[in-house]
Amino acid sequence: MEKIKLSPFKKLWPLFFAGLVLPMDLTKWHKTNFLFKAAPDYTSDKKSILINSEDDLGGYFYRLDEEIPLSSDSKVKFQYQVQQFPKVSIKLPFDKKNDDYPVRFGLVLGGGEEADIPSAVKSRLGLSTKISNVLYFAPAKVSEKNIFCGDSPHNNYAIYCVLPSDLSQKEFELDVLKYLKQVKNLDYSASLLGLWIFADTDDSESKSSVKINNIEIVSAAKSSK
């Protein structure tokens with residue numbers, strides 16, 4: 001599949017299958033750190049993003065030029081390598097004491113009823129469109145071999161899906177709506193507003209490290225006209 005940039009094709013987007021490769025250049029992203037906590041160290045060589053965290057939390061958000069309607073064909077691809085996991089025990093149901101990951105790939109979704117999201121979060125994402133859900137895919141060292149999902153331990157709008165990982169390079173291609181519907185009763189036509197990479201090791205007061213090599217959005221969007 002040919003990979004194309006989204007912006008020059010805004011008017012034609014609903015008519016094509018398209019792949020959008022997100023830049024590994026952090027200058028193209030928006031910083032989403034919080035004043036009350038030190039932020040992880042994010043570095044980029046424009047080919048990959050390295051995240052090192054030590055009792056930190058914070059991230060970067062990539063706002064799409066135009067929201068992407070999601071269908072049964074919509075997928076995301078992540079390629080990464082964890083170099084160190086935080087000292088947590090991840091299992092269902094998720095709990096606040098073990099809510100640390102080397103990175104969360106957060107798909108910020110709109111199209112439904114607006115979620116009750118803290119103003120501190122909304123202001124950092126900087127979206128004019130209402131946010132309905134956030135679907136997080138996060139690598140973790142777990143005994144399970146398959147991806148598993150559940151509700152966030154913090155709120156009712158976020159969903160966590162754990163990507164079973166070790167210290168080798170991993171690549172996942174994931175059906176967005178499939179995993180969203182595993183946890184939420186989706187009664188609206190969801191659209192993707194942007195992607196949030198977020199690392200945190202503050203609950204476990206430990207360290208983590210991960211290198212992100214590729215993030216890609218693949219969607220079969222069809223015009224409603």
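Where is the place of Pro93? These legends walk through a predicted model, one close-up at a time.

**Figure 1. Pro93 and its cis peptide bond.** To settle the opening question, Pro93 sits in the loop between strand S6 (75-84) and strand S7 (101-110). Look for the peptide bond that runs from Leu92 to Pro93: this bond is cis, and its omega is near -15°.

Figure 2. Two helices and 13 strands make up the secondary structure of the protein chain. The protein chain has 225 residues, and 52% of them count as buried. Among contacts in the protein chain with a separation of 6 or more, 78% are between residues 24 or more positions apart. The accessible surface of the protein chain is about 11,400 Å², and carbon and sulfur atoms hold 46% of this surface.

**Figure 3. The disulfide between Cys149 and Cys161.** If you are looking for disulfides, the structure holds one. Its partners are Cys149 and Cys161, with an S to S distance of 2.1 Å. Which parts of the chain does the pair tie together? Cys149 belongs to strand S9 (residues 148-151) and Cys161 to strand S10 (residues 158-164), so the bridge ties together parts that are 12 residues apart in sequence. The torsion about the S-S bond of Cys149 and Cys161 is about 110°, and the disulfide is therefore right-handed. Both Cys149 and Cys161 are buried.

**Figure 4. Tyr136 and Trp196 in an aromatic cluster.** The count of aromatic pairs comes to 14. In the pair shown here, the ring centres of Tyr136 and Trp196 are 6.5 Å apart and the planes meet at 45°, so the pair is tilted. Tyr136 comes from strand S8 (residues 133-140) and Trp196 from strand S12, so this pair ties together parts that are 60 residues apart in sequence. Tyr136 and Trp196 belong to one aromatic cluster, together with Phe34, Phe94, Tyr101, Phe148, Tyr160 and Phe198. Tyr136 has another neighbour to look for: Arg104 lies over the face of its ring, at 5.4 Å from the ring centre.

**Figure 5. Asn133 and the backbone of Tyr157.** Asn133 is another residue of strand S8. Its relative accessible area is 8%, so Asn133 is buried. What does the side chain of Asn133 reach? At 2.8 Å, the side chain meets the backbone oxygen of Tyr157. Leaving out residues up to four places away in sequence, Asn133 touches Leu107, Val108, Leu109, Tyr157, Ile159, Lys184 and Tyr188. For a sense of scale, the C-alpha atoms of Asn133 and Glu113 are separated by 9.0 Å, and these two residues are 20 residues apart along the chain.

**Figure 6. Thr201 and its contact with Ser53.** Thr201 is part of the loop between strand S12 (191-200) and strand S13 (207-220). Although it is in a loop, Thr201 is buried, and its relative accessible area is 0%. The side chains of Thr201 and Ser53 are joined by a polar contact of 2.8 Å. Beyond its neighbours within four places in sequence, Thr201 is in contact with several residues, including Glu54, Asp55, Asp56, Pro86 and Asp100.

Figure 7. Lys46 is in the loop between strand S3 (41-44) and strand S4 (49-54), while Asp55 is in the loop between S4 and strand S5 (57-69). Lys46 counts as exposed at 60% relative accessibility, whereas Asp55, at 27%, counts as partly exposed.

**Figure 8. Asn214 in strand S13.** Our last stop is Asn214, a residue of strand S13. The relative accessibility of Asn214 is 19%; the cut-off for buried is under 20%, so Asn214 counts as buried. Not counting residues up to four places away in sequence, Asn214 touches Val21, Met24, Lys77, Phe78 and Gln79.

Notes:
Residues numbered from 1 in each chain as written. Predicted model: local features only at pLDDT ≥ 70, side-chain atom pairs only at ≥ 80, totals over all residues. Heavy atoms only, no water. Disulfide = S-S within 2.5 Å. Helix = DSSP H or I, 4+ residues; strand = E, 2+ residues; numbered from the N terminus. Buried < 20%, exposed > 50% of the residue type's maximum accessible area, 1.4 Å probe, protein only. Polar contact = N/O pair within 3.5 Å; in protein donor to acceptor, adjacent residues only side chain to side chain. Contact = heavy atoms within 4.5 Å. Areas by Shrake-Rupley, 256 points an atom, 1.4 Å probe, with all protein chains shown as cover. Phe/Tyr/Trp six-rings, centres within 6.5 Å; stacked < 30°, edge-to-face > 60°. Lys NZ or Arg CZ within 6 Å of the ring centre and 35° of its normal.
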